[in-house]
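Please consult the sequence and the structure shown below while reading.

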Amino acid sequence: MELFKLLLLVISVVAFLSAPIAALERGGKLGSKSSGLLEIDSTIFSRHLLNDSQPQIVESLSDGYMSNAALEEAISEIGQRCGHICNIYSIGKSVKGFPLLVIEISDKPGQEEAEPAFKFIGNVHGDEPVGREVLVRLANWLCNNYMKDPLATLIVNNVHLHILPSMNPDGFDMRRRGNANNVDLNRDFPDQRQPETKAIIKWVEGRQFTASASLHGGALVANYPWDGAQDGSSRKEYFACPDDKTFRYMASVYSRSHYNMSLSKEFEGGIVNGALWYPIYGGMQDWNYINGGCFELTLEISDEKWPKADELATLFEYNRISMLNLVASLVKAGIHGRIFASNNGGPLPASVMIKGSDYGVNASRIFGDFHRMLAPHESYEVTASMPGFKSKTTKIFLEDKAVNLDFVLDPEENQAQFNRFDLNKSGFLSMYLDYFPIIFLISLSFLCFLLKRKAIFKFLKQSQSQAQKSPTSAV
């Protein structure tokens, strides 16, 4: 009897173990209803691959990805091979001293031009390395296809594109989200606690970026401001910024150009308002918009944070047209123009505001050019203003193409005395050059006066000395 029970137990165990194998042979999978086993979501598991308890999995996944040294070498190679359209520069260093290298792509790299500027930033989180790989491939593709592909040529000739493949090289090296100080860099704005954050802020403040995007992993969606709720809570609700229509347009440009982002069942149209998805505070996206007048998106370009290296080429192709169309939208959409002074024709670094939005853009000091993203098929009231000059406002309707809009501002009446003041030069130097003849005559007259005065004093002193030396007359 005992032997019979033992045989039944063995048969039951064998049957239990063979069930999943049989399911697979029938075309099923583990986790399917046919197998009767608990379904395991591999995507969820992949988002926790970098736990300290699983270092061996991390190292196996990193095979085929560029190390920091290899990344620096790849960037240098791009600069050497494509020097006619590339300029390599550093915006700072990470905690561990790794240079934060940027690839600038333009037909006149390293030079100031009256053109819009766009920046891509990858690897903000150390455990999301797809962005750094994709951006290096993008730079190479533009180099290889300039003057061959019309879209590549359009971008190189009309935009200054700046690519920072890795904002967080230390986090990548340590296989974790935060930097070497274990700080989430996308929660560090504008606190500027970390050198990587400080470098980005200094970079944005030193250049006039029209728009930008940071590349992340772990989902497939184009995220736009605001990223946090108005009351600072963790409640998930749609919180629209003043340029909500423009941001939705930009996010849709990326999503609809993507291989399958716009087909998302989780995010309608493949785009999402950050606060509705999950609120964050101290993010780079909102800081760019508020402080830099730069329209930034947060692009989640891969469902898995750390996909296999042999999938990177495919991921690049899925995102290539999206990245190109987003950058090209700086030329194809919005308003572009220059602002001049009516008294001397010089360029003015004036401010350009859109009615209904508190966030304007400034024209450049050198050329007086401005570039402002706006959604098409809308009416706008545009105002150009600058202290010492009369503001000017005009109304426009944007269709499917960009609009060129120049302003000529008149000086205020109390500024008439400075009508010949050239704002393109240093103020005092310009005034000095304009009034040089008068200044020269006044200075020469004063000098002659001093010399004449000195000669008179010298004559009187000599006369007094001679008088003291002459003998007195006898009485």
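## Confidence in the model

What pLDDT does the protein average, and what percentage of the residues score at least 70? The average is 84, and 76% of the residues reach a score of at least 70; pLDDT is the predictor's confidence in each residue, from 0 to 100. Over residues 418–433 the pLDDT is below 50, although this stretch has 26 contacts in the model beyond near neighbours in sequence; a contact means heavy atoms within 4.5 Å. Residues 469–475 also stay under 50, and for them the model has zero contacts beyond four places in sequence. Where pLDDT is low, the predicted coordinates should not be read in detail.

The model is predicted: local features need pLDDT of at least 70, side-chain atom pairs count only at pLDDT 80 or more, and totals for chains, interfaces and linings use all residues. Residues are numbered from 1 along each chain as its sequence is written, and side-chain values use heavy atoms, with hydrogens and water left out.

## Two helix pairs

Two packed helices are described by the angle between their axes and the distance between the axes. Axes are lines fitted to C-alpha atoms, for helices over the stretch in contact, and angles run from 0 to 180 degrees between N-to-C directions. Helices (H or I, at least four residues) and strands (E, at least two) are DSSP runs, numbered from the N terminus.

The axes of helix α4 (residues 68–81) and α5 come within 11 Å and cross at roughly 15°. The helices α4 and α5 are therefore roughly parallel (angles under 35 degrees count as roughly parallel, over 145 as roughly antiparallel, 65 to 115 as roughly perpendicular and the rest as oblique). Among the residues making this contact are Leu71 and Ile78 of α4, and Val136 and Cys143 of α5. By class, the contact of α4 with α5 has six nonpolar, three polar and three charged residues; Ala, Val, Leu, Ile, Met, Phe, Trp, Tyr, Cys and Pro count as nonpolar, Asp, Glu, Lys and Arg as charged, and the others, Gly among them, as polar.

Helix α6 (residues 150–158) packs against helix α12 (residues 312–332) at about 55°, with the axes 10 Å apart. This pair is therefore oblique. Leu151, Leu154, Ile155 and Asn158 in α6 meet residues of α12 that include Leu324, Val327 and Val331. The contact of α6 with α12 divides into seven nonpolar, two polar and one charged.

## An open sheet

Four strands form an open sheet in the order β11-β10-β13-β14, with antiparallel pairing; two strands pair if DSSP finds at least two bridges between them. The strands β11 (361–362) and β14 stand at the edges with a single partner strand each, so one side of each lacks a neighbour in the sheet.

Seven bridges join β13 (residues 378–385) to β14 (residues 392–398). Threonine 383 stands opposite threonine 393 in β14, while tyrosine 380 has isoleucine 396 as its bridge partner. The hairpin of β13 and β14 has six residues between the strands, and its glycine 388 takes a positive phi near 90°.

## Backbone details in loops

Most residues other than glycine have a negative phi, and most peptide bonds are trans. Methionine 147 has a positive phi, near 70°, and lies in the loop between α5 (130–145) and α6.

The peptide bond from phenylalanine 189 to proline 190 is cis, with omega near 0°; proline 190 lies in the loop between α7 (169–174) and α8 (195–206). A cis peptide bond also joins proline 225 and tryptophan 226, with omega about -5°. Tryptophan 226 is found in the loop between β6 (219–224) and α9 (244–257).
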